[in-house]
Amino acid sequence: MMGETIIPDSISNPICTGFHPDPSICRVGEDYYLVTSSFTWFPGLPIYHSRDLTNWSLIGHALTNPKAIDFNGMTDNDGIWAPTLRYHNGTFYLITTAHGCGGNFYMTAKNPAGPWSDPVWLKDAPGIDPSLFFDVDGRCYYTGNRWDFKSAWPAQCAVWMQELDLQKRCLVGERKTLAYGHAANAKYAEGPHLYKIEDHYLLLMAEGGSDYNHAVTALTAKSLWGPYVPCTVNPVLTHRHLGKDYPVQSLGHADLVQTPTGDWYAVFLGKRIVEGGLVPLGRETFLCEVSFQNGEPIFNPGIGVIGNRLKRPLLPWTPVSKTDKQNDFESSALSPEWATMRIPEQPFHHFADGNLFLSLRPEMADSLVCPSMLLHRVHSHNFSAITTMTFSTCQANEWAGLVLYRTAKGYYSLLKGKNEIRLTKVLLGKKTIIATLPWKEKSVILRLVAKGATLTFYAGLSNDMLYQVGEVQSVDAVSDNKVNRFNGTGVGIYATSNGK
């Protein structure tokens with residue numbers, strides 16, 4: 001029948017592609033809401049909505065007040081870490097860590113799309129990865145991790161709990177360590193979440209660090225304060241036993257949600273590998289079904305491993321409108337998918353006559369401040385980005401154009417200057433001019449094409465007359481390494497006067 005909606009039996013995994021690490025999820029009625037880490041991207045803490053756990057739309061950000069946090073001087077791996085999203089008695093609660101710039105805080109909202117309150121900073125809340133749990137009596141409990149104690153083995157961390165008084169807006173009462181992980185030598189126990197499931201409590205946590213050894217483990221207790229006993233099926237989710245050539249790696253940091261019909265699902269982070277073992281997109285949000293066996297969680301029952309597709313959740317199919325792939329800048333505001341790196345002290349862009357104008361400012365992509373740069377998350381290993389730009393200058397220090405950015409020490413830029421186009425690569429902090437192309441025209445079309453592990457850059461006067469700039473490049477500059485660690489990759493536009 002013409003126009004009939006075809007509902008798939010299976011869906012793609014990850015469900016939120018590109019830069020979407022440390023997912024947390026909650027359900028209110030038939031609506032699901034999800035938040036991920038945002039590090040130094042601003043606005044921060046993106047909030048997504050879905051009705052079928054498959055089709056997600058960005059409905060807002062929790063961190064929109066430029067005065068709330070100062071990211072200046074923070075590396076791209078600092079900033080907003082591992083949020084948790086919960087709902088209780090008509091209010092949404094979001095708790096997270098501002099790593100290197102304030103510590104742990106929570107925010108509240110009646111509508112998850114915003115507005116959200118300013119941060120409520122929690123004193124004497126050491127460590128990272130805070131989570132909230134509302135028990136059946138309505139009392140709220142904080143869980144987090146810490147390492148400020150004499151460890152018995154390398155990388156030992158403690159998961160601890162204390163009541164959070166939401167009226168007094170502070171931690172109160174006894175503080176207790178619940179676990180150090182599921183084994184006697186567990187490393188980096190973090191990302192804890194508590195749940196009350198039937199007659200027992202479930203403590204879910206990440207272990208092993210956020211790279212190859214990442215895993216999800218589970219412990220159960222008959223009472224809130226424990227003792228928490230490791231489940232016999234631990235780790236309940238990992239790919240570290242599959243070897244480093246497996247195409248999906250580093251699974252961990254899971255959060256559970258139950259559907260109205262009683263089915264359970266988990267969201268969690270993972271990395272997709274391209275040729276050469278590279279990870280250009282960073283950590284993404286995956287989904288799988290969860291069942292319970294003797295009170296212990298079984299992730300992706302009958303399958304165990306996570307692939308690039310999964311059986312569609314049996315929920316009413318609810319497609320969402322796709323984000324426009326082309327932005328003509330004809331409105332007076334940027335779409336919510338655009339972000340700055342760190343927080344601008346003053347606006348550096350404006351709109352006029354269907355164009356977006358960037359101000360030339362001294363700040364650079366290499367510096368740990370907010371440059372004149374607007375980024376959009378990269379969602380695929382295979383994509384192209386193209387922009388038409390008009391720019392002329394008499395100054396040798398002024399440049400503008402296209403950027404593929406992961407961190408201040410890992411990016412590519414294809415920029416127009418005084419009389420040339422320049423392709424620059426920054427890998428592990430080392431800057432190399434790859435190629436130049438003489439260019440005296442005021443206008444230019446700049447394009448980059450990504451295919452798996454490779455990047456090709458172009459410039460020209462029209463779409464059908466583009467010249468390749470330099471040789472084909474590797475995505476290694478924006479892939480995971482010792483400086484590109486936690487965040488993800490963005491593509492966008494950039495202008496700078498290089499410190500002058």
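A cavity is a set of points, on a 1 Å grid over the protein atoms alone, where a 1.4 Å probe fits but cannot get out. Grid points are joined across faces, edges and corners, and a volume is the space filled by probe spheres set on the points.

This is a predicted model: local features need pLDDT of at least 70, side-chain atom pairs count only at pLDDT 80 or more, and totals for chains, interfaces and linings use all residues. Residues are numbered from 1 along each chain as its sequence is written, and side-chain values use heavy atoms, without hydrogens and water.

**View 1. The largest cavity.** One cavity reaches 30 Å³ or more. The volume of the largest cavity is about 80 Å³.

**View 2. The cavity lining.** The lining of the largest cavity counts 13 residues (an atom within 4 Å of a point). Nearest the cavity centre lie Pro280, Leu281, Phe383, Ala450 and Val475. Nine lining residues are nonpolar, four are polar and none is charged. Ala, Val, Leu, Ile, Met, Phe, Trp, Tyr, Cys and Pro count as nonpolar, Asp, Glu, Lys and Arg as charged, and the others, Gly among them, as polar.

**View 3. Strands of the chain.** The protein chain has 38 strands and zero helices. Both are DSSP runs: strands (E) of at least two residues, helices (H or I) of at least four.

**View 4. Burial and contacts.** Of the 500 residues in the protein chain, 56% are buried (under 20% relative accessible area, 1.4 Å probe, protein chains only). Of the contacts between residues at least 6 apart in sequence, 55% join residues at least 24 apart (heavy atoms within 4.5 Å). The C-alpha trace spans about 75 × 55 × 45 Å along its principal axes.

Key. 1 Å grid on protein atoms, 1.4 Å probe; cavity = no way out; pocket = protein on both sides within 12 Å on 5 of 7 lines; lining within 4 Å. Buried < 20%, exposed > 50% of the residue type's maximum accessible area, 1.4 Å probe, protein only.
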